[in-house]
Amino acid sequence: MYITDKTITNLNDIMPLLSSVSSSQGSDTPLLIIANDVNTEALYTLIRNKLNGNLKVCCVNAPSFVNEKETLLKDIAAYIGGSVDSVTSGTPLTKNVQLKEGVVVRAKRVVVTADDTMIIVGYSNKEELEIIIRIVTGE
């Protein structure tokens with residue numbers, strides 16, 4: 001799973017990610033991309049590759065609560081034990097997307113429907129989750 005608040009404008013933006021995932025985990029390993037947006041060109045290429053059986057990938061838009069988007073993405077990343085590839089990092093997407101610890105992480109199961117994305121039993125850092133829970137509950 002890859003989480004970013006950036007917009008994926010073309011397939012070259014995420015080619016290092018796709019190559020890394022494909023070579024290290026095999027083409028049968030599904031990849032979920034949570035991004036600010038995926039432009040038409042990149043989306044068509046991903047769909048074509050999926051239909052040809054070259055890769056299993058699903059793209060979903062990041063939660064769209066403008067003021068809370070960054071916080072929600074960080075919460076999702078904490079739940080699955082990863083990090084957000086953020087616009088605020090200042091690194092161009094093509095330079096930052098590589099298969100390294102924390103950027104691409106696993107979940108046991110993900111269910112995506114037309115309206116919802118459910119990440120079921122992520123591999124999370126319990127201490128990070130406890131901090132987030134205390135912040136949310138005001139303790």
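Leu43 is a residue of helix H2, which spans residues 40–51; helices here are DSSP runs of H or I with at least four residues, strands are runs of E with at least two, and both are numbered from the N terminus. The model is predicted, so local features require pLDDT of at least 70 and side-chain atom pairs count only at pLDDT 80 or more, whereas totals for chains, interfaces and linings use all residues. Residues are numbered from 1 along each chain as its sequence is written, and side-chain values use heavy atoms, with hydrogens and water left out.

With a relative accessibility of 33%, Leu43 is classed as partly exposed, a term for values between buried (under 20% relative accessible area) and exposed (over 50%), with a 1.4 Å probe and protein chains only. Together with Tyr44, Ile47 and Leu51, Leu43 makes a nonpolar surface patch of about 430 Å². Such patches consist of residues with over 30% relative accessible area and no salt bridge; nonpolar side chains (Val, Leu, Ile, Met, Phe, Trp, Tyr) are joined within 5 Å, like charges within 9 Å.

## Overall architecture

The protein chain contains five helices and seven strands. Their order along the sequence is β-β-α-β-β-α-β-α-α-β-β-α.

Among the 139 residues of the protein chain, 33% are buried. The accessible surface of the chain is about 8500 Å², with 51% of it belonging to carbon and sulfur atoms; areas follow the Shrake-Rupley method with a 1.4 Å probe, and for residues only the protein chains shown count as cover. Of the contacts (heavy atoms within 4.5 Å) with a separation of 6 or more, 74% involve residues 24 or more positions apart.

## Salt bridges

Side chains of opposite charge can pair when their charged atoms come close. Two salt bridges occur in the structure, each defined by a side-chain nitrogen of Lys or Arg within 4 Å of a carboxyl oxygen of Asp or Glu. One of them joins Asp85 and Lys6, at 3.2 Å from N to O. This pair connects distant parts of the chain, 79 residues apart: Asp85 is in the loop between helix H3 (69–80) and helix H4 (93–96), and Lys6 is in the loop between strand E1 (2–3) and strand E2 (7–8). Both Asp85 and Lys6 are buried.

Glu70 and Lys74 form a salt bridge whose closest N and O atoms are 3.2 Å apart. Both residues belong to helix H3 and are separated by four residues, about one turn of the helix. Glu70 is partly exposed at 37% relative accessible area, and Lys74 is also partly exposed, at 46%.
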